[in-house]
Amino acid sequence: MLKNHTYIGKANYNGQIYQGLHPAIIDEETFRKVNEKLAHNRLDRKPYKNKDCAGLLSKVLKCKACGSSMIHTYTLKKGRHKYRYYLCCNAQKRGYSECPVRYVNAQQAEERIIQILRGEVKNIKNSPHKADVEAILSPIWNTLFFEEQRRIIQILIQRADYDSAAKKIGIVINGIPERMEFDSNIKKIHAKGRDAQKRQLGQEPPVRKSLLLAHHLNTHLTEGKIEDLNQAAAWMGFTQSQLSHILGLLHLSPAIQTEIIDGDSKSLYAIPEYKLRDLSSKINWTRQSELWTEIKSTHS
Ligand SMILES: [Zn+2]
């Protein structure tokens, strides 16, 4: 069950709107499904839609063999499936025979470098980028906008390099003078499972993604992992009013939440996210239910 709903008072956030309102308690089965989806899906809301095809490690990652930059790119497999990788510029320009490294799986390189970064930034005393260090260590890191994640990576990392022969990642972190080297643990073979999960999230209806994000935030708030909601809003690239709207979704009736999280109606995909705003502001669940029926019929 959603145990503790005192976050509003604790965070003293938008108290005027929420005074006297309490988030709906959804049933155990639905809550289990929320947690299941949260566990399976990273909550990136804009997966790789960036126009310039930038990757998290663009401008940061270099090929150890050539000293060239590695650029982020992708191929489409079976028409839809994106395989993302970082490609050595030298290999791109002069051919694969010129570079032993050639390319590296983007997702695995990103995950490994973030893992290394998390381990190392903890030890930096008096970092001038305290907020960015906190952001990368925070459980909400995965909910940040891609642009915000990339900005933070570029602030924290001076440069990184990849050596496929030695299976090493080198990294120079701002605030730590010397270059450090780590095992890369990156396989050349592409791991199918993860991208399949990402694709699955991409297919979730927008209203479901928002409600999942609301529960995700609520969980962290009740566990005390987020102390400053304004800062959380900034990290996620939200304005305060957007964040307040998202948390407001917890006031939807249990029946509506269950339908949004677990329903398979096609209309869920068509309902614009903002339509839930009016709905969640209604205190009366019967009124919510009438409006919900109306919204669904206009978008079916
Ligand atoms: Zn190279």
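Q: Which residue stands opposite Phe182 in E7?

A: Ile169 stands opposite Phe182 in E7, and in E7 the bridge partner of Ile171 is Met180. Residues are numbered from 1 along each chain as its sequence is written. Please keep in mind that this is a predicted model, in which local features need pLDDT of at least 70 and side-chain atom pairs count only at pLDDT 80 or more, while totals for chains, interfaces and linings use all residues.

Q: And how do E6 and E7 run, parallel or antiparallel?

A: Strand E6 (residues 168-173) and strand E7 (residues 180-183) run antiparallel and are joined by 4 bridges. Strands here are DSSP runs (E, at least two residues), helices are likewise DSSP runs (H or I, at least four), and both are numbered from the N terminus; two strands pair if DSSP finds at least two bridges between them.

Q: What about the turn in that hairpin?

A: There are 6 residues between E6 and E7, and Gly175 in the turn has a positive phi of about 100°. The hairpin of E5 and E6 has 4 residues between its strands, with Lys167 taking a positive phi near 55°. E5 and E6 pair in the antiparallel sense over 6 bridges, and Asp163 stands opposite Lys168 in E6.

Q: In what order do the strands of the open sheet come?

A: The order is E1-E5-E6-E7, an open sheet of 4 strands with mixed pairing. E1 and E7 stand at the edges with a single partner strand each, so one side of each is left without a neighbour in the sheet. Neighbouring strands are turned by 25° against each other on average, direction ignored, where axes are lines fitted to C-alpha atoms, for helices over the stretch in contact, and angles run from 0 to 180 degrees between N-to-C directions.

Q: Where does the parallel part come in, that is, which strand does E1 join?

A: Strand E1 (residues 61-63) is joined by 3 bridges to strand E5 (residues 157-163), and these two run parallel. Within that pairing, the bridge partner of Leu61 in E5 is Ala160.

Q: Which strands does H5 lie across?

A: H5 lies across E1, E5, E6 and E7, and runs at about 45° to E6.

Q: Changing topic, which residues of helix H6 are buried?

A: In helix H6 (residues 130-137) they are Asp132, Val133, Ala135 and Ile136. A residue is buried if 20 or more other C-beta atoms lie within 10 Å of its own, exposed if 12 or fewer, and partly exposed in between, with C-beta atoms placed from the backbone.

Q: Why do they count as being on the same side of H6?

A: They cover an arc of only 160° around the axis, which puts them on the same side of H6; the arc is that of the directions from the helix axis to the C-beta atoms. On the other side of H6, Lys130, Ala131 and Leu137 are exposed.

Q: What do the buried residues of H6 pack against?

A: They pack against helix H5 (106-121), helix H7 (146-156) and helix H10 (229-235), where a contact means that the C-beta atoms of two residues, placed from the backbone, lie within 7 Å.

Q: Now the largest nonpolar core: which residues touch the most other members?

A: Leu57 and Tyr86 do, out of 62 residues in that core. A nonpolar core is a set of buried Ala, Val, Leu, Ile, Met, Phe, Trp, Tyr and Cys residues joined through C-beta atoms within 7 Å. Helix H9 (residues 206-222) gives the most to this core, with 7 residues. Domain 1 (7-41 + 204-298) and domain 2 (61-191) both give residues to the core, so it lies between them; the bounds come from an automatic or database domain assignment.

Q: What is Leu57 in contact with?

A: Leaving aside neighbours within four places in sequence, Leu57 is in contact with Tyr86, Ala109, Glu110, Ile113, Ile153 and Ala160.

Q: Last one: Arg102 and Asn126 have positive phi, so is each of them buried or exposed?

A: Arg102, in the loop between helix H4 (89-94) and strand E4 (103-105), has a phi near 60° and is buried, with 22 other C-beta atoms within 10 Å. Asn126, in the loop between H5 and H6, has a phi near 50° and counts as exposed, with 6 C-beta neighbours inside 10 Å.
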